[in-house]
Amino acid sequence: MTIKIAVVQFPGANCDLDAIHVLNNVIGVETSLVWHNHFKEAEFDGVILPGGFSFGDYLRAGIIAAHSPALDEARIMLKDGRPILGICNGFQILTEAEFLPGALLQNDSLKFVCKWINIRVENNNTPFTRKMKNGDVLDIPIAHGEGRYFTDNLKELEENQQIVFKYSDENGKYTQKANPNGSMENIAGICNLERNCMGLMPHPERASEAILSPKCTTHGKLFFDSMVEFIKRRS
Amino acid sequence: MDQSEFEIEISLENKPAARDPVAETIKRDLLAKKGYDIISRVRSGQYLRIILKANNEEDAKETVTKMCNALRIFNPVTQNLNIINVKKL
């Protein structure tokens, strides 16, 4: 079978081509860049909402894009179990569209943070983490101004194992120093109850080739390999 | 009945449980450092002024509240919506 993945482009997206490059040239899966008003779910097995900005991030990051017709299409995929991955601004869009619980607030430092950090895998039972092991520590970059995860229902998130990644030090310890934005419980990424929708602030598409990583790691590739394997097994 | 124009001012403020680093910085790094120790609390937020046609003040408030809820003009997870002023133009 031929797998087809879409990367939805909103006005202001700037990590869209990175995601396309990794999927097409590193993973080897047919991936299309689709303008948000033209996105039709029926043509695709999975979708990625990329990082960058959308609609100037006016009012709140992701809120205007959350009302785009692309999200109505993606809601159909959400319901029938196809994988939806939101990276950075994509994560913000998914929370504003209520695909995922909680919200992403301005970093506690009030600064845009752009650096390589570590995250620890909390749940490898998702379509995006099945190639990882729980407790694995990944090298991955972040670049955001509004990444402070907040929820008014942390208990439920923990009980349902919806926390997929937490910021940690390189030994996998959750320290305040390792938390780059003040996120509640060091949360870096979460999924929905059904596990087919995940959002995270770090950028796997920038961590999928050794030449781009300060430690020559390719941990970001695991996200896309996992997603592709999930789609193959599903069909 | 002829509709009139109303101006509604609303503020969107983070809920008490959501930290507000903008306000914390204003208080800690500006007000406290300049000797304004009488200030006990600061909260920041967003402000919108909306002008609309409505039958009366109550109608105008209801329309704006419904609109803000339906379109998530405020984020109900983290923010409270306050109508701070309504006036007939």
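1. Contacts within chain A come first. Two residues are in contact if their C-beta atoms, placed from the backbone, lie within 7 Å. Among contacts in chain A with a separation of 6 or more, 76% are between residues 24 or more positions apart. Chain B also has a figure of 76%, for residues at least 24 apart among contacts between residues at least 6 apart in sequence.

2. A word on the model and its labels. This is a predicted model: local features need pLDDT of at least 70, side-chain atom pairs count only at pLDDT 80 or more, and totals for chains, interfaces and linings use all residues. Residues are numbered from 1 along each chain as its sequence is written, while chains are lettered from A and ligands numbered from 1 in the order in which they are written.

3. Chain A holds six helices and 11 strands. Helices (H or I, at least four residues) and strands (E, at least two) are DSSP runs, numbered from the N terminus. The radius of gyration of chain A is 16 Å, close to the 18 Å of the globule rule for 235 residues, so chain A is as compact as a globular protein of that length. This radius is taken over C-alpha atoms, and the rule is 2.2 Å times the number of residues to the power 0.38. The C-alpha trace of chain A spans about 45 × 35 × 35 Å along its principal axes.

4. Now burial. A residue is buried if 20 or more other C-beta atoms lie within 10 Å of its own, exposed if 12 or fewer, and partly exposed in between; C-beta atoms are placed from the backbone. In chain A, 55% of the 235 residues count as buried. In chain B, 13% of the 89 residues do.

5. Look at helix α4 (residues 89–96) of chain A. Eight of its eight residues are buried; among them are A:F91, A:I93 and A:L94. The cover over α4(A) includes β3 (46–49), α2 (63–66), β4 (84–87), β5 (103–105) and β11 (197–200) of chain A. After α4(A) comes A:E98, with a positive phi near 65°.

6. Next, helix α6 (residues 221–234) of chain A. Its 14 residues should span 20 Å at 1.5 Å a residue, and its end C-alpha atoms are 20 Å apart, which agrees. The expected span is 1.5 Å times one less than the number of residues. Buried residues in α6(A) include A:L222, A:F223, A:M227 and A:I231. Their cover includes α1 (16–27), β3 and β4 of chain A.

7. Chain B has two helices and three strands, in the pattern β-α-β-α-β along the sequence. Its radius of gyration is 17 Å, well over the 12 Å that the globule rule gives for 89 residues, so chain B is more spread out than a compact globule. Its C-alpha trace spans about 55 × 25 × 15 Å along the principal axes.

8. The strands of chain B form an open sheet in the order β2-β1-β3, paired antiparallel. Two strands pair if DSSP finds at least two bridges between them. β2 (45–54) and β3 (79–88) of chain B are at the edges with a single partner strand each, so one side of each has no neighbour in the sheet. Nine bridges join β1 (residues 4–14) of chain B to β3(B). B:I8 stands opposite B:V86 in β3(B).

9. Finally, the two chains meet. Chain A gives 13 residues to the contact and chain B gives 11 residues.
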